[in-house]
Every structure is written in C-alpha cells, then in structure tokens.
Amino acid sequence: MAAMNSDHIDTRLDWLLAAAQDPMLVCDANGVIVRANPPLAALFGWPLEELIGEPVEILVPADVRRRHAVLRSHGSRARAMGSGRFTAVDQAGKIGRAHV
C-alpha cells in the first residue's frame, strides 16, 4: 500500500466529515476544534465556521469545563467522546443531554 501524504489524508478526512450523517468533530492535541461537520453544528446551534478554532470546552457545560480541560490535558491520545449519554451545551447556553 502506498503511503498517503498529509494533503491526501486531509482531503479524505474532509470528505468523510462532510458525508457523515452523525455529528463529528476533530480536535488537535490542545483541545482546539480543527474540523467539525454540519450535523454537529446543527446539533449545537453553531455556524460551522464559528466552531473551528474554539476549544472543545465551548460545548461542555460551564460547571464542568475546567475539569474537562484538566482531564483532556492528561492524555493526548485519540478517543471517542464520552460514552452513553452526556451533558452538552449549545450556542444559546442551553444544557441538554446528548447520546454518544
């Protein structure tokens, strides 16, 4: 199998996110949102372009943001977000349950 260059990988990842019907996001090692798809933006009520560059904690309720950032900073490995149901916050600040 031929090695893929980073531009090819980025293109494929962009295509995958655009085609996905499930909400998805990608963060860098610092927890900054570098990619997200339209279903995620719609779920949280954000324009897609406003999510990019924000810390992932923007989607976490205020009372647990600090804890989330600390937990996130202790491991930079790729992982699925949460498990089962979790609490999230939309752009209007409304807290709700989401299923992962």
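Modeller: This is a predicted model. The protein chain has an accessible surface of about 7100 Å². Carbon and sulfur atoms hold 55% of that surface.

Biologist: Which pattern of helices and strands does the protein chain follow along the sequence?

Modeller: The protein chain contains four helices and four strands. Read along the sequence, these elements are arranged as α-β-β-α-α-α-β-β.

Biologist: What percentage of the residues of the protein chain count as buried?

Modeller: The protein chain has 100 residues. A residue counts as buried when its relative accessible area is under 20%. By that criterion, the buried share is 23%.

Biologist: Which element gives the most to the largest nonpolar core?

Modeller: The largest nonpolar core has 12 residues in all, namely I33, A36, L40, A41, F44, W46, L51, V56, I58, L59, F86 and A88. At least two residues of this core come from each of β2, α2 (38–44) and β3 (85–89). With three residues, the element that gives the most is α2.

Biologist: Which residues does L59 touch, if residues up to four places away in sequence are not counted?

Modeller: L59 is itself one of the residues of the largest nonpolar core. I33, L40, F44, W46, L51 and A88 also belong to that core. With residues up to four places away in sequence not counted, L59 touches L25, I33, L40, F44, W46, L51, A88 and V89.

Biologist: Which residues are linked in a network of salt bridges?

Modeller: The structure holds two salt bridges. In one, the side chains of D10 and R35 meet at 3.4 Å, N to O. In the other, the side chains of R35 and D14 meet at 2.5 Å, N to O. The residues linked in this network are therefore D10, D14 and R35.

Biologist: How many residues apart in sequence are the parts that R35 and D14 tie together?

Modeller: The side chains of R35 and D14 meet in a salt bridge. R35 lies in strand β2 and D14 in helix α1, so the parts tied together are 21 residues apart in sequence.

Biologist: Which backbone oxygen lies 3.3 Å from a polar atom of the side chain of N37?

Modeller: N37 is placed in the loop between β2 and α2, and at 0% relative accessibility it counts as buried. Not counting residues up to four places away in sequence, N37 touches L17, A20, D22, P23, M24 and L48. The backbone oxygen that lies 3.3 Å from a polar atom of the N37 side chain belongs to L17.

Biologist: What accessible area do the residues of the nonpolar patch on the surface have together?

Modeller: The patch is formed by W15, L16 and M24. Of these, L16 lies in helix α1 (residues 6–19) and counts as partly exposed at 40% relative accessibility. M24 is also among the residues that N37 touches. Together, W15, L16 and M24 have an accessible area of about 320 Å².

How values were computed:
Residues numbered from 1 in each chain as written. Predicted model: local features only at pLDDT ≥ 70, side-chain atom pairs only at ≥ 80, totals over all residues. Heavy atoms only, no water. Patch = residues over 30% accessible without salt bridge, like charges linked within 9 Å, V, L, I, M, F, W, Y side chains within 5 Å. Areas by Shrake-Rupley, 256 points an atom, 1.4 Å probe, with all protein chains shown as cover. Salt bridge = Lys/Arg side-chain N within 4 Å of Asp/Glu carboxyl O. Buried < 20%, exposed > 50% of the residue type's maximum accessible area, 1.4 Å probe, protein only. Core = buried A, V, L, I, M, F, W, Y, C linked by side-chain atoms within 4.5 Å. Contact = heavy atoms within 4.5 Å. Polar contact = N/O pair within 3.5 Å; in protein donor to acceptor, adjacent residues only side chain to side chain.
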